[in-house]
Amino acid sequence: MLSRIADSLFWLARYMERAEGLLRVTATHNLLSLDKDVNGPLTWRPVLETFTSAGEEEIKAIEGNTGAALKKLLTDTANHNSLKSIIGKARENARGIQDYITKEVWEEVNSFYHLINQPALDHRLSNYEAADILDTFTRHSVLYTGITDITMARGIGWGFMNLGKYIERCLETIVLTDKQYSVNRYKVDEIKDIMQWRHLLMSLSGYELHLKTYRSYQYTHDVLHQVLFNEDFPHSVIYSLGRIDRHLQDVTKGHISEENAALIRNFGRLHSKVKHLEIDDLNNQTLQPFLAELRHDLLHFTNLLSQKFFSYA
């Protein structure tokens, strides 16, 4: 029973973090698509490749159609990673653990669910209302985060929620960073204008911080530092790993076992891989393998975590 509760708390938080990430990227792309990109007109291809399993033929058919792309990303239930699908799964988890989350958290998740299931939504996404709809969804996502933070008790359930939240956030940062640097063929030493990196930074809510913190014109290098190593940036890899470490200690505290020790050691190796890496060690040849290995290791840790705490079958 406790495994089921922990599992549902973990996945509730993970799905809601995934929804927020999807909305940030989609809203950013929608905004920037109104301007001329430094490389020409933006298409929805990179977002569709990241957040859907659509094949080449389907992507080619809708990449230049904002309304069709938004429907695929937000309301298409055939896309298991659409906002409607994600919020539906979050609500399903929340409904089963209403005794373990606050009334306010449940009401916000339920409200979001009914909002994304409005019957006229597809039509509204195809016209001038699309930006307003994205803004409304984003506000609800942020509201959920705030409500959760100020109403949930700081017990072991809170620890599992935060493990789900920061694992998802870390994976998102890795995937988005890899996607953006792949466009640049992972050329870390190549100087690109800040406009080239605006999409990634805005998708991670880090554009303003970058302009206020980094003063050089080595944007390719500085952006990589921010998204991987800046401990003051809430969406950096090192920040998320630090929070995972903290909440892993919380959920294993007072439960001494070889399994827990092995789990902590596994995560410690992953954390150290980033913590003790110098940014100068990442170059044109090493960046892509490093990001791929980091994502693989984090997914492996997540599987171990699930086997340890959520195995109730």
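## Basis of the model

Residues are numbered from 1 along each chain as its sequence is written, and side-chain values use heavy atoms, with hydrogens and water left out. Because the model is predicted, local features need pLDDT of at least 70 and side-chain atom pairs count only at pLDDT 80 or more, whereas totals for chains, interfaces and linings use all residues.

## Aromatic pairs

The structure holds 10 aromatic pairs (rings of Phe, Tyr and Trp, the last by its six-membered ring, with centres within 6.5 Å; planes under 30 degrees apart are stacked, over 60 edge-to-face and the rest tilted). In one of them, Phe160 and Phe309 have ring centres 5.2 Å apart and planes at 70°, so the pair is edge-to-face. This pair links distant parts of the chain, since Phe160 belongs to helix H9 (residues 156–183) and Phe309 to helix H15 (residues 287–309), 149 residues apart. Helices are DSSP runs of H or I with at least four residues, numbered from the N terminus. Phe160 is buried at a relative accessible area of 5%, and Phe309 is buried at 13%; buried means under 20% relative accessible area, exposed over 50% and partly exposed in between, with a 1.4 Å probe and protein chains only.

The rings of Phe267 and Phe301 have centres 5.1 Å apart and planes at 50°, so this pair is tilted. Phe267 lies in helix H14 (residues 258–275) and Phe301 in H15, so the pair ties together parts 34 residues apart in sequence. Both Phe267 and Phe301 are buried.

## Aromatic cluster and charges over rings

Phe160 and Phe309 also belong to one aromatic cluster, together with Phe10, Trp11, Tyr15 and Phe310. Lys308 lies over the face of Phe309, at 4.5 Å from the ring centre. Likewise, Arg154 lies over the face of Trp158, at 3.9 Å from the ring centre. A charge sits over a ring if NZ of Lys or CZ of Arg is within 6 Å of the ring centre and within 35 degrees of the ring normal.

## Packing of H9 against H13

H9 and helix H13 (residues 237–252) pack at an angle of about 155°, with their axes 8 Å apart (axes are lines fitted to C-alpha atoms over the stretch in contact, and angles run from 0 to 180 degrees between N-to-C directions). The two helices are therefore roughly antiparallel, a term for angles over 145 degrees. H9 passes H13 in a left-handed crossing, in which the near helix is turned anticlockwise from the far one by less than a right angle.

Residues of H9 in this contact (heavy atoms within 4.5 Å) include Trp158, Phe160, Tyr166 and Arg169, and those of H13 include Tyr239, Arg243 and His247.

## Packing of H1 against H5

The axes of helix H1 (residues 2–32) and helix H5 (residues 83–95) come within 8 Å and cross at roughly 155°. H1 and H5 are therefore roughly antiparallel, and their crossing is left-handed. Among the contacting residues are Trp11, Tyr15 and Arg18 of H1, and Ile86, Lys89 and Asn93 of H5. Trp11 and Tyr15 are also members of the aromatic cluster.

Most residues other than glycine have a negative phi. Arg185, although not a glycine, has a positive phi of about 55°, and Tyr186 has a positive phi of about 60°. Arg185 is exposed, with a relative accessible area of 63%, whereas Tyr186 is buried at 14%.

Key
Angles under 35 degrees count as roughly parallel, over 145 as roughly antiparallel, 65 to 115 as roughly perpendicular and the rest as oblique.
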